[in-house]
Amino acid sequence: MAPLATSMRQRLEKAVVAARKEAEAAARAVLEHLAVERNEPYPSMSPEERHLRNALRARRRVLGQERPEQGTAALVEEIAYQGWHRMLFARFLAENELLMHPSGAVLTLDLCDELAREEQRRTGGAVDAWDVAARYAAEMLPGIFQADDPAARAALRFAPEGRQALERILLELPAEVFTADDALGWIYQFWQREAKEAVNASGRKIGGADLAPVTQLFTEPYMVQFLLQNSLGAWWAARHPDSPLLQEFRYLRFRDDGTPAAGCFPHWPERAAEVTVMDPCCGSGHFLVEAFRMLRAMRMEEEGLSGAAAGEAVLRENLFGLELDPRCVQIAAFALALAAWQADGYRPLPVPNLACS
């Protein structure tokens, strides 16, 4: 897969900035509908709505611990990106022919539309293709959308006009966006653009909730590949100088004597199964995805594993990531799952070793 061309990146930026505005407007409408900022619930609210209202109010208090006046804004942002990610990840899966029905059939958005119409006839509920696609995507993705997360449950209650606005934005983007190497990273960067500009313009000391939008920087694919190929790749070259994998490491540099220019890392483990990669600022997962691809190939060669078995072993045993922004953790987890499925087809995956800290 190739990175996005500049013109396509600019088009994506406009779409993502518009999506954030629409998603946050839909999130604010949900909070108003559930009386989250009112002292008492509406008399007409169902027990289920009252329970969700209480959970959202508790979540707002947690998010506002540092700056209480920002609790509602932070909750709006959390609900917005949960709703956006459900739909965004569904489009990524569909364009990569990886959106799966529980029966094992591959779904397109057109097939999701047919399933939605069948569900409407059966239940009388208001459901469309994106509801169906997002539901199946959420079920497929290991550990990304938590059923008990009040923000995720609130995102399911976007009014039709809010969902339709996000649908239009996603549908207007060409398929090549969803098959590019670097699209997920740019999407996060663009989602944070206006927040970053606002913090920088405020002149206030950066800390707490401001850290994520201001300090997250996109790392181009060639930079990631250069750094990993001259660390992990150099370690491999020192132990497997005749490995065919070395032909794939285009940025790996050697000395005149044929040894890796970065050194041989003599204190590292001897086998790929024992190597651990910890990215303490994993962002949207660029380094982890590239390390996944390299370690999967290494373990296939060293251990004679199939691609699928090697990929699952790498997710369980080799890769770890920390990140202070939960949006990034969701994107990184999705990026790893997508890479594993692109390599060896859809199957249930281990929950990746990622945490928001």
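Author: Helices (H or I, at least four residues) and strands (E, at least two) are DSSP runs numbered from the N terminus, and angles run from 0 to 180 degrees between N-to-C directions of lines fitted to C-alpha atoms, for helices over the stretch in contact. This is a predicted model, where local features need pLDDT of at least 70, side-chain atom pairs count only at pLDDT 80 or more, and totals for chains, interfaces and linings use all residues. Residues are numbered from 1 along each chain as its sequence is written, and side-chain values use heavy atoms, leaving out hydrogens and water.

Reader: Which strands does helix 15 lie across?

Author: Helix 15 covers residues 326-344 and runs at about 170° to strand 3. The strands that it lies across are strand 2 and strand 3.

Reader: How many bridges join strand 2 to strand 3?

Author: Strands pair if DSSP finds at least two bridges between them. Strand 2 (residues 319-323) and strand 3 run parallel, and the bridges joining them number three.

Reader: Why does the pair of phenylalanine 92 and phenylalanine 334 tie together parts apart in sequence?

Author: Rings of Phe, Tyr and Trp (its six-membered ring) pair if their centres lie within 6.5 Å; planes under 30 degrees apart are stacked, over 60 edge-to-face, the rest tilted. This pair is edge-to-face, at 5.9 Å centre to centre and 65° between the planes. Phenylalanine 92 lies in helix 3 (residues 71-95) and phenylalanine 334 in helix 15, so the parts tied together are 242 residues apart in sequence.

Notes. Contact means heavy atoms within 4.5 Å.
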